[in-house]
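Trainee: Please walk me through this structure, feature by feature.

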Amino acid sequence: MANVLIVEARFYDHLNDMLVAGATAAIVAAGHVAEVLTVPGALEVPGAIAMAADSGRYDAFVALGVVIRGETYHFEIVANESARGIMALTLDGLPVGNGILTTENEAQAIVRADPAQLDKGGAAAHAALAMLDLKQRLG
């Protein structure tokens, strides 16, 4: 049984609730334990995962959040840098599933976040568990 930390950037409550529900359901269905840690935004997710990894309490991580395009360049910075930070963690050998949605509008985010539709929270949890399995098999 693995301890999986879900790190969520809670900016859009209703969308995050769906992402967390999907991720938690996938983790529990696989026989593992899920814990949720909330951070202010997507840029804080990689740092929180790095700190949590240093604690040694978790076996895998799920990054969740929603970034919706606005009228400024801020969208690109948040989307790109949060993804870069998560990729750096995976290259360091951490099993991380990236479920930070980057969408053009809220309607796209709802479809992706909803566990009854595309369930990207659940998909990110499955990715984290698959990477944990790979890490364990490779030693």
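Mentor: Start with a salt bridge: the side chains of Arg84 and Glu81 meet at 2.8 Å, N to O. The term means a side-chain nitrogen of Lys or Arg within 4 Å of a carboxyl oxygen of Asp or Glu. This is a predicted model, where local features need pLDDT of at least 70 and side-chain atom pairs 80 or more, while totals for chains, interfaces and linings use all residues. Numbering starts from 1 along each chain as its sequence is written, and side-chain values use heavy atoms, without hydrogens or water.

Trainee: Where do Arg84 and Glu81 lie?

Mentor: Both are in helix α3, three residues apart, about one turn of the helix. Helices (H or I, at least four residues) and strands (E, at least two) are DSSP runs, numbered from the N terminus. Arg84 is exposed at 51% relative accessible area; Glu81 is partly exposed at 35%. The cut-offs: buried is under 20%, exposed over 50%, partly exposed in between (1.4 Å probe, protein chains only).

Trainee: How many salt bridges does the structure hold?

Mentor: Side chains of opposite charge can pair when their charged atoms come close. Here there are eight salt bridges. One of them joins Arg69 and Glu104, 2.9 Å apart from N to O. Arg69 sits in the loop between β3 and α3, and Glu104 in the loop between β4 and α4, so this pair ties together parts 35 residues apart in sequence. Arg69 has 33% relative accessible area and is partly exposed. Glu104, at 42%, is partly exposed too.

In helix α5, Arg137 and Asp133 are four residues apart, about one turn. Their closest N and O atoms are 3.1 Å apart, in another salt bridge. Arg137 is exposed at 62%, and Asp133 partly exposed at 37%. Salt bridges with shared partners also link Glu8, Arg10, Asp13 and Asp17 into one network.

Trainee: What pattern does the protein chain follow along the sequence?

Mentor: The order is β-α-β-α-β-α-β-α-α, with five helices and four strands. The radius of gyration is 14 Å, close to the 14 Å of the globule rule for 139 residues, so the chain is as compact as a globular protein of that length. That radius is taken over C-alpha atoms; the rule is 2.2 Å times the number of residues to the power 0.38. Of the 139 residues, 42% are buried.

Trainee: Is strand β3 buried or exposed?

Mentor: Nine of the nine residues of β3 (residues 60-68) are buried, so the rest of the structure largely encloses this strand. In a regular strand the side chains alternate between the two faces of the sheet. In β3, Ala60, Val62, Leu64, Val66 and Ile68 point one way, while Phe61, Ala63, Gly65 and Val67 point the other.

Trainee: Which strands pair with β3?

Mentor: Pairing takes at least two DSSP bridges between two strands. Strand β1 (residues 3-9) pairs with β3 in the parallel sense over five bridges, with Val7 opposite Ala63. Strand β4 (residues 96-103) also runs parallel to β3, joined by eight bridges. There, Val62 stands opposite Gly97.

Trainee: What is the phi of Asp119?

Mentor: Most residues other than glycine have a negative phi. Asp119 has a positive one, near 50 degrees. Asp119 lies in the loop between α4 (106-113) and α5 (120-138).
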